[in-house]
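Hello,

Here is the structure for your files. My notes follow below it.

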Amino acid sequence: MGKFKLNRRSLKYGSNSIILIVAVLAIAVIVNLLVGMGDIKWDLTSDKLYTLGDESKTIIKDIKKEVTIYGLFDDGEVGAGSIAKDITNLLAQYEKLGIKVTYVDPDKDPGTIASFDKDKTKGIKKYDFVVKSGNKIKKLSMESLYGQESDYGRMYTAEPLITGAIKFVTSDVTPVAYFVEGHDEYSVDTDLTRIKADLENNNLEVKPLSLLTGEKIPEDCKLLVFASPKRDLSEAELIKVNAYLKGNTGRVIFLFDPVESGSKFPNFEQVLQTYNIGINYDKVKEMDESRHLPGDEYSFVGKVQSNDINNSDTYDVFLPDSRSLSILKNDKEWLKTYSMIKTTEKAEALSILNQGSTEQGPFDIAIATEVEGGSKVLVFGNGIFITDVALSSQYSNQFAAGEYYFLKTIVNWMQDKEDQTTISSKLVTPKTITVSQSQAKGISIVMMGVLPVLIMACGLVVWARRRHL
């Protein structure tokens, strides 16, 4: 039969292998063709970074006006790199929801920028995006869409900025939120930039305000914020704040961190007493081990209370270094008071004014009051939780719940809007595994010693079996 003998079993297994290989290749080709024809993409990231969120979809679905996003680039080239590609992919998702996206090269059409910035005050330039609806426009720089990198992860800002711009240009009115300066508060432009961006993305214009200038608080003020004052109001400022609140349209948020100096705020107290709220000169520590950081009783999780303001979708808030507040025992028929965030009964408050004096919990850390059909006041015994330092720290994921709570309360309750969809930035932390030195040594032995030997042994067994086919 010739020099070589063909074994039937060899032919059988060899033929099966060839058929299997051909079938796998055919399936792979067909799947690739279908994916290419259907423009199918999967977002396999755990945080769904490249998928338009439900909040954005809800906001856009409710928009009745025509919106166009202009990219001021040469032939639609956003730029090199994976982040630039991610932005173009994100914009494609907006297009699928009815938002028009178009690219214009300012070098070929120099009148484009001039048409968007007729008074030359918006600083629009090549490589920016412009969101437009009717006569309203909003500029988005490429740098802002890229987000920011920190030691604890990357802040993804493209989606909230784009959706926020769409919300801004389609809104008939943009309320103004003023953050007060002059009492050593956190600066809205350096310490609170993340919250500022969140508010702007939800159609609130944010401005700093000194109460020392002007006869009264501006007429366009829809929200007044005191972000952790370290000094008291002056008599002139007290008059202005009281007049603003007594106008029955005032909306004021006070955030008070503990002041280690023990300085008292009699004028702030006078404002708050009218609305049945007292501020205490202490520092709260939570003794319930399940609600504070290991070894740090002053960094605890406050429990969000169930009431007509707090929604069921809010999470408990991480609050390091807080002072307690009190609901005063002075019932007023015209005033509704709500306990917003509390400690457990195991909490203790250490007095700053009287060293060694301690009180037992539970304590209020946030209180809200509402004049029937009129003004609203919201007070927190903590201001740290909304700062940039907190929101970009190693505990950023814990602080994110407080950011959402603060934003949701402002956008909805403080503006008399029920269940309005809010959107905020997303900090994505790298997924890491921490191993000890002994564990690392064990993993190295397995990967570099045991695993290669196992693979070689399996190969020898297969080779030996195939020799006898």
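In β19, Gln360 is the bridge partner of Glu348. Strand β18 (residues 348-351) pairs with β19 in the antiparallel sense over three bridges. Strands are DSSP runs (E, at least two residues), and helices are too (H or I, at least four), numbered from the N terminus. Two strands pair if DSSP finds at least two bridges between them.

This is a predicted model: local features need pLDDT of at least 70, side-chain atom pairs count only at pLDDT 80 or more, and totals for chains, interfaces and linings use all residues. Residues are numbered from 1 along each chain as its sequence is written, and side-chain values use heavy atoms, leaving out hydrogens and water.

The open sheet has three strands, in the order β12-β18-β19, with antiparallel pairing. β12 (282-285) and β19 (358-360) stand at the edges with a single partner strand each, so one side of each has no neighbour in the sheet.

Now the aromatics. The structure holds 14 aromatic pairs (ring centres of Phe, Tyr or Trp, its six-membered ring, within 6.5 Å; planes under 30 degrees apart are stacked, over 60 edge-to-face, the rest tilted). Tyr70 and Phe116 are tilted, because their planes stand at 55°, with centres 5.0 Å apart. Tyr70 is in strand β1 (residues 68-71) and Phe116 in helix α4 (residues 111-116), 46 residues apart. Phe116 is buried at 8% relative accessibility (under 20%; exposed is over 50%, partly exposed in between; 1.4 Å probe, protein chains only). Tyr70 is partly exposed at 22%.

Phe380 and Tyr405 pair edge-to-face, 6.4 Å centre to centre and 90° between the planes.

Best regards
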